[in-house]
Amino acid sequence: MGAQHINLVPPQVESGHFDELLQAGQTISATTSPFDNSLAVFLSPTNISGSNSSSNQEEPVYFASYDVIPSSERRLFIADTQVIFSMFHDMLEAAKTREPSWLQSSEALELMRKFSVDYVNFIKECWIHASQPMARADGPLQFSADHYRSLYSCFSLFVVLYLPEPGYEDAPVGEELMEWLNIHFIEPSTEEGDHLSSLDKPWEDVEFWPYLKRVTLRGLTKASLFFFNTLLQHPSEDLQDLAKSIIPVVENQPRLQNFSAERDFAFASRRWKDKVKAIRIEMDRVPEDCRFDEFENWWDSLSDIVGILEGRSSVIQRVCEDLGADWKEVCAAWGIFVDSRLRRQDLVDVAAEVLENMPPDPTNLEDMIHSALFLGKPEQALRHASQLDTWLSAHFADVMEPLGLLESDEPAESELSKRDEYVLSYAEYLHSDPTQWKITIAYMYSCGDIGRERADEILVRVPLKLHPSETSGTPEEAIAQAVKEISEVCFNHQREAVRRTVCRIAAQSCVRQKEYGLAVSYCISAEDWVSLGRVIDSILEEYIKNGAADFAKQASKIAPSLQDIQFDSATEAIFVHRLIFAVRYSQIHRYKLEKDYVSAASDIVTLFREEIAPKSWWPVLLCDSVELLQYGPALLFSTSDAAELLKKLEEISIRASQGSGDDYLSVLVRTIKGGGEKDALERLKVVRLALARYFARCTVGSNKLAIPSS
Amino acid sequence: MAPATVSDSVPIETAHEDMIHDAQLDYYGKRLATCSSDRNVKVFDVLEGDAQKTTGGHTLKGHTGPVWQVAWAHPKFGHILASCSYDGKVLIWKEQQGQGWTKVGEHTLHTASVNSVSWAPHELGAMLACASSDGKISVLTFKDDGSWTADIFNGHAIGCNAVSWAPAVIPGSLITPQSQSQTAPSQGPNQTSSIKRFASAGCDNLVKIWGYREDSQSWVEEETLEGHTDWVRDVAWAPNIGLPRSYIATASQDKTVLIWTKESATAPWVKTALDPSSALASPVAGATMASAVANAPAGKFPDVVWRVSWSLAGNLLAVSCGDGKVTLWKENLKGVWECVSDMNS
């Protein structure tokens, strides 16, 4: 494969002046993009001694794609054919649940034929669309109509040769081949026919005999009968007589589709051949000197036509060469005239013989693909197809594999199968357009382990629309939407690990945007407990940095997550504990804001008793309780609750005096801006005092609202 | 495919005041970080389909010498960049809501220019390897609170030019059935054991493979790859995207690119040189090019090879050569490396 050259526009250096750049100590450098098939290219110095040769020129970075990015009609073509591809694969997937032999059953072949015909029809649509001279809203065509025409001819030939209607695998192929040729390579042209039919004496035209030979060869009976009829007016009586004899013969050539049994067709063909022989005998009786008219030797031309009808291969080949027709025409005519019972498996030998004398055009990939298909060399056809269009080679290979047309010896554990190789290379081309990621990965996921891994890498990089400019909704809506979309794809392809990675990244983004509710749910969804812990720390940071009200607001968003959480192991339990603490603690602040002091007091005690509160938060909780201890209208804590608070306060004081203050006081210290451990201990003295007063109130004021001890 | 393509590449104007030494795209390929002799690091948004309308970019100032390389951390750690400079420092930058890009860390243990920085695969956690002209390699391991520990050790005498991490999962381990094959296929690489390993390229013409030993809690030189005859300028370990073997590409002052392959964990590294003479002799190349190639012996590039970079799937290698061309290489089915395209400046 020859290297492809890519030139940057606008150029960094004028062509031929590259040396100047090199002498200036600069060269080109590049880095690959994970986004698509592109490189970021820039000039960099070759001398890295750290010189500071400040240049005043611009230092641009170029993006260059090494694939031609699909655009306009091509995108549509890619998207629509992928639908067929997916249905085909659903069928293959379903086949795995059946017996292995099912793929060779006529039911399976019928389906594969159907999907392949769908491809053919779709390519045809695209070709027609591309052929229309019209203004195109989505820009000029990326591929010419002729390109789609060649895909059309290749794919339909593949169907004719390799996917016959089930039950007709062994039927003669000639008629179908000729039909294919007549659809894709129309000869002779309609204009020629119109011109000749407008003449009174068409045989006087130089194109008359070549035209008549060609329509005979192509089996275009209507046209050939018309002109044989004109010969009834020819001045030569011999020719008139011969035309009279030929007309019914041409008219009555047996056609396979008119017979219900091949035996009857074969019998009719033999009888028909006898009639052709009779014409030959009649021709030979024409004296040599009567074989000319004023223009040429009509006898020789008619002899060629009779030779074709007789099925003389040498005549057919010579006539084709004279007419400028190629090997395809000879092969198709072979199946009509030389051997009307020619079968697909015998076609290979015929094609080999014909191609020996009339080789395909090596500069024409379409012709090379056709010849490889005729020769029964599907892998060779694939090679040429991949040069014509990776779409064609991928979809050929995809159908060829289940048909058993590709080398089936298990590839070494490492290597890709032929099919995967071609499908992956198409998928890589698709990756040049990142917006087509769903289509790209659909192809990749059909390619075994290697394909799955590659698709994973693309899937984890599907942008989560992290930049507000990329979307109209709120950032969190955009992220949620993107994650949902990717999760669905992950589910369909059973890529749990990918889904989790994406959730982790999404969680990180949400934390940045203080979308803690989403962040927590993504962590839980990814079962990433460590990250969950980090998110909760961020939420608790809100308290430390911005105070209770902000914190209560943020934490309220994570409360719903508690309900759908499930955990089994101890590690998970630790992080879930922290989540519970954050939610419950924020609840306390909400109670306070709503002046529900009874609930607030009872929850503070619960957090201590049930050991939900981490040690570093004990002092904060105790400070929070001061306001409640001092609440005048009622005693909010039972004596034993107050004793619990005192117990914790004692533990903190003792541990702090033993030098472990850091374990307990770090959070409280941080809430006192610019304060240290000493200030924190000072604060706790206030708690101690409040507790002392509270106990005093408990003994004195038993007439107040009594809280039953829990 | 068409033999010659013009890439409609709309350049991003970086507004750097001096030569760019490195440009790196982030995980999504949506942002571009560049660094320059002007001592600055810049970050641009690359907007889809319209690279021209960049947001002008952010300038990250902090280095006191030319900045050689930048590296993006995995997004699960946040928007984090590392940069290394002639000033001997590695700086860690973080983008925070409302505050933009700020320097959050400064690694100053090296005593000479730091030439290369590389983040470990995300499965290993936030780890950064750095290569310096002081001959040492350092590996930073970040903790949740942003603090880090550093391992620093001698790498290559004279100096280290580049570092590149191995994929976290050993190639083949996904394909080879494991003894406990009960794990569902959907579990993916996170479930398999991961390895901490990277390659370094040095001024001693060597490439070294370093592995972390959990038992001794230290980095150990596992293998030395000998083959280059001059400074090794760059090393790139291929991502393990379902490939059965490990691949390392190295670029050198000796004008060669070597591809090192290892069939299995126990197999030796085998080297193959890319052969540009087979590909570059095509007629489109300028006259000067053709003669330069004709003069270069087989297996040699016309000039020093500065940089090698693998595509996402690890199946395509971009080689930047001092002759001003970027060539793209692929291994064909027969295991031969072919040049599939080249880019002219």
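I sort residues by relative accessible area: buried means under 20%, exposed over 50%, and partly exposed in between, with a 1.4 Å probe and protein chains only. The model is predicted, so I note that local features need pLDDT of at least 70 and side-chain atom pairs pLDDT 80 or more, while totals for chains, interfaces and linings use all residues. Residues are numbered from 1 along each chain as its sequence is written, chains are lettered from A in the order in which they are written, and side-chain values use heavy atoms, without hydrogens and water.

**Glu165(A)**

I looked up Glu165(A) and found a relative accessible area of 42%, so I list this residue as partly exposed. Glu165(A) sits in the loop between helix H4 (145–162) and helix H5 (174–184) of chain A. Helices here are DSSP runs of H or I with at least four residues, strands are runs of E with at least two, and both are numbered from the N terminus. I then took the C-alpha separation of Glu165(A) and Glu542(A), which is 71 Å for 377 residues along the chain.

**Domains of chain A**

I read the domain bounds, which come from an automatic or database assignment. Chain A is assigned domain 1 (18–65), domain 2 (72–170 + 379–444), domain 3 (175–342), domain 4 (465–594) and domain 5 (608–710). The C-alpha centres of domain 2 and domain 4 of chain A are 43 Å apart.

**Salt bridges**

I count a salt bridge when a side-chain nitrogen of Lys or Arg is within 4 Å of a carboxyl oxygen of Asp or Glu. Over all chains there are 58.

Glu457(A) is partly exposed because its relative accessible area is 24%, whereas Arg461(A), at 15%, is buried. I also noted a salt-bridge network that links Arg609(A), Asp641(A), Glu644(A), Lys647(A) and Lys648(A).

In chain B, Glu222(B) pairs with Arg213(B) at 3.0 Å, N to O. I list Glu222(B) as partly exposed at 23%, and Arg213(B) as partly exposed at 31%.

Next I checked Lys262(B) and Glu223(B), whose side chains form a salt bridge at 3.3 Å, N to O. This pair links distant parts of the chain, with Lys262(B) in strand S21 (residues 257–262) and Glu223(B) in strand S18 (residues 218–226) of chain B, 39 residues apart. Lys262(B) is buried at 10%, while Glu223(B) is partly exposed at 25%.

**Glu356(A)**

My last entry is Glu356(A), in helix H14 (residues 344–357) of chain A. I list Glu356(A) as exposed because its relative accessibility is 65%.
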